[in-house]
Number of protein chains: 2
Amino acid sequence: MFKGVSTMTCLDGKFDVVIVGGGAGGYTAALTVKKLYPDISVLLVRKDSYALIPCAIPYLCATIEACNRNLLPDAPLKKAGVEILIDEVVDIDLTNKLVKTAEGREIGYGKLILATGSSPVVPRSIKGTDLEGVYTVVKSFKAMERLQDAVRKAERITIVGGGFIGVEFADDLANLKKKITIVELLPHCLMLNFDEEFAVEAEDELRAKGVDVITNARVESIVGDGKVEAVRLADGREIPSDVVIMAVGARPNSELAKKAGLKIGERGAIVVDEYMRTSNPDVLAVGDCAEKRSFFTGKPVNLMLASIACYEARVAGINLFDIRIPKPIRGVVGIFLTYINGKAFGGLTESMARREGFQVESSVVKVPNRHPGILPGARETKLKLVFSKQSGLLLGAEASGGEDVAELVNFLGLAIQNRMNAKEISILQYGTQPFLTPSPVGYPPVVAALNTVKFEQ
Amino acid sequence: MFKGVSTMTCLDGKFDVVIVGGGAGGYTAALTVKKLYPDISVLLVRKDSYALIPCAIPYLCATIEACNRNLLPDAPLKKAGVEILIDEVVDIDLTNKLVKTAEGREIGYGKLILATGSSPVVPRSIKGTDLEGVYTVVKSFKAMERLQDAVRKAERITIVGGGFIGVEFADDLANLKKKITIVELLPHCLMLNFDEEFAVEAEDELRAKGVDVITNARVESIVGDGKVEAVRLADGREIPSDVVIMAVGARPNSELAKKAGLKIGERGAIVVDEYMRTSNPDVLAVGDCAEKRSFFTGKPVNLMLASIACYEARVAGINLFDIRIPKPIRGVVGIFLTYINGKAFGGLTESMARREGFQVESSVVKVPNRHPGILPGARETKLKLVFSKQSGLLLGAEASGGEDVAELVNFLGLAIQNRMNAKEISILQYGTQPFLTPSPVGYPPVVAALNTVKFEQ
């Protein structure tokens, strides 16, 4: 019945669950639903024939080289019995519980999961973004192939925006021996997610790799005659550029939901409760299109991470028909990881803690990630823990160092989710091994925690 | 006043805190006490002029080469104001609260912390262990220098015992291009700490590195004329050997405590409560010499790990005079990590869970530790989670793979300490990054947890 679907079994055009979007959130929602409810029918509708692994998009041009080496594979979906339809949902009829597609299909649903993702923002304040050679980072196979082509032909590539996507693109493109420039509005790259000391360290790594990092710089316009020639900054400087990659942020794809009458939040994302249920009881939303609230304050926050999308997809899938696993915590913690010039960085919104008015106490520990530190391959782990001053609750963690930093940050994210305080963390149990971890004497989380513990005598 | 002590300030021979033993436990106890109680006097008494980092002793012969590259540095102790005395405590007078040393000193204490460690076991059932060329693994600078010398002159080295120390020695010695044989009594190396599938994988790595691994083999005797010539097995096989390293286990050094009248447990370790207090209110014990109880059963267990010693030292130091941080959990989890032929292994006593009579449900997940898996440096992460069948509580975790496995195992150790169950773990939040972690879709802990979750419909 449906073009492009090879394993379709429910021919009546109605599915127990319809998922809109095939990115990390939709994909994980589909797998989760079929794992827990193997007998129900699940349809995943997505626009593209191929779904890219979103997190690795910055690495497509140099490291990965071919887009088809970076695909979310269909095989696990098909093996689980998920039907896949390549089409675009253009309307939701909440009353009759069906979706309408660009190709004219009408598909009924029992439960609908929206995983429509996000789209790059192009600031109107910057002129010339419509010139040939200006690209945004769209999670689409064809768009990314076009960007790859352009990058290969270019000599001078300028990235506007020094957030995660911008710096990861810069790190990857620097492997191509081209002139790479990154322009950031704030005093440092990554400053929305890291404290200055870590942001500066990340910038140093970019510069060590040959990237020209320009900060405190506002892009006024992109100039050229039909095709981009340069990026012009507000202070008059011009950066000659053959290709410009705009990486200044993203906004939730919530138009479809809005048109259907679902409630949209102040930041433009679909309003959901802790179980990802929208204002309509049979419609859920997960991932970038869904509003998130901070674990720390309960306020809406602008966090768009594939790891959060997958987490939300599991929450939605598990609790789709009734609440089977009450959430032990509310809101999203926001665990960031990035990797620049072979150095790992991870963080948990410590800067946000300060901005949100927490009184904090922090401690920085620097130790080799092997013991003794002379073992081959040893690198320095720098860890900063941030605690609520009076309660001692862990609020944030930032780390830089070798690849072990990633799971170390996840370890601390878990401590936050378990509402642990400095005193509890100071007497945690952990394992160590000379080639794998810092010394048991100096294991960074417990040492940093103990550094902040004070007792009234 | 005391020979060998450069920074001694308390000349009256009485200290607020005396610590016996300068290994990981004593060292960490000293630092913890001085951090929390900077104004009190702390004396650390140890036998050796230099204290080795215990965990890295297996790597002294090939990787580290010189024992003085593997020292617990005195500088942090001195900076913290800890006095160090090189001497041996030979008697404790509990009534008068003083210790007597081999050099005839009598030193008073307010609180005494015993961190006397453990000594290798030499089974009496094996004849010939007194031959020249037979070594045990003693945490002493001079003893290890002697072993290094012997290993350098040897061509054929046989290790008796395939536990952590045995396999790590084998892994290190294999770098020397000598004939290395490891003999293990059980069906596989590391079987006390890993399930068969992981133990076999570890053995395969040893063999890939050229180590001859002989299992299911009982050593009957070590033969030679004054000097070792061969290791003879019960089945008659002989392994020609120039050096034999006995690594068949260790027993707590509790003679000093026993002689003083402190209570000793059934396994020969000093009996302590959850705050490391012995049967005498002013004497504490930490590390290998102190009895441990299982987090899972409360039964005494034979766990000797530097990471546990450091944890216990912090518990003792923090709660030395009164209980300031009540322990959120009781007993030791036992988080093992090892590294063989460049592959990391970690575990949390899953086999023990079965032996102890838990009904378990487990799931094994294998994923690349990068996403997409074609990224350079990607390796397979294999993770097995073990849950209590009815309650869903996490009981164990075993993993093998790249270096990221170590903190992944610590992450799961933290989940155990927080008494998390499969359902909670299945909706955990975590961070991912293409170069640093598995995919967010397939993050092993949550996927393995979800695999075991069942709902009654």
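Axes are lines fitted to C-alpha atoms, for helices over the stretch in contact, and angles run from 0 to 180 degrees between N-to-C directions.

**Figure 1. Helix H10 of chain A packs against helix H10 of chain B in this predicted model.** In each of the two chains, H10 covers residues 405-417. The two helices meet at an angle of about 10°, and their axes lie 8 Å apart. Angles under 35 degrees count as roughly parallel, and H10(A) and H10(B) are therefore roughly parallel to each other.

**Figure 2. Residues of H10(A) and H10(B) form the contact between these helices.** H10(A) contributes A:Glu407, A:Leu408, A:Asn410, A:Phe411, A:Leu414 and A:Ala415. From H10(B) come B:Glu407, B:Leu408, B:Asn410, B:Phe411, B:Leu414 and B:Ala415. Sorted by class, this contact holds 8 nonpolar, 2 polar and 2 charged residues.

**Figure 3. Chain B touches chain A through 70 residues, which meet 70 residues of chain A.** Elements that each supply at least two residues to this side of chain B include helix H1 (24-36), helix H8 (306-318), strand E20 (336-340) and strand E21 (343-347). Helix H11 (422-426) and helix H12 (444-452) are also among them. H10(B) gives the most, with 10 residues. The side of chain B that touches chain A has 41 nonpolar, 19 polar and 10 charged residues.

**Figure 4. Chain A contains 12 helices and 24 strands.** Its C-alpha atoms fill a box of roughly 70 × 60 × 40 Å, taken along the principal axes. For 457 residues, a compact globule would have a radius of gyration near 23 Å, and the 23 Å of chain A agrees with this. Buried residues account for 55% of the 457 residues in chain A.

Conventions
Residues are numbered from 1 along each chain as its sequence is written. Chains are lettered from A and ligands numbered from 1 in the order in which they are written. This is a predicted model: local features need pLDDT of at least 70, side-chain atom pairs count only at pLDDT 80 or more; totals for chains, interfaces and linings use all residues. Helices (H or I, at least four residues) and strands (E, at least two) are DSSP runs, numbered from the N terminus. Angles under 35 degrees count as roughly parallel, over 145 as roughly antiparallel, 65 to 115 as roughly perpendicular and the rest as oblique. Two residues are in contact if their C-beta atoms, placed from the backbone, lie within 7 Å. Ala, Val, Leu, Ile, Met, Phe, Trp, Tyr, Cys and Pro count as nonpolar, Asp, Glu, Lys and Arg as charged, and the others, Gly among them, as polar. The radius of gyration is taken over C-alpha atoms; the globule rule is 2.2 Å times the number of residues to the power 0.38. A residue is buried if 20 or more other C-beta atoms lie within 10 Å of its own, exposed if 12 or fewer, and partly exposed in between; C-beta atoms are placed from the backbone.
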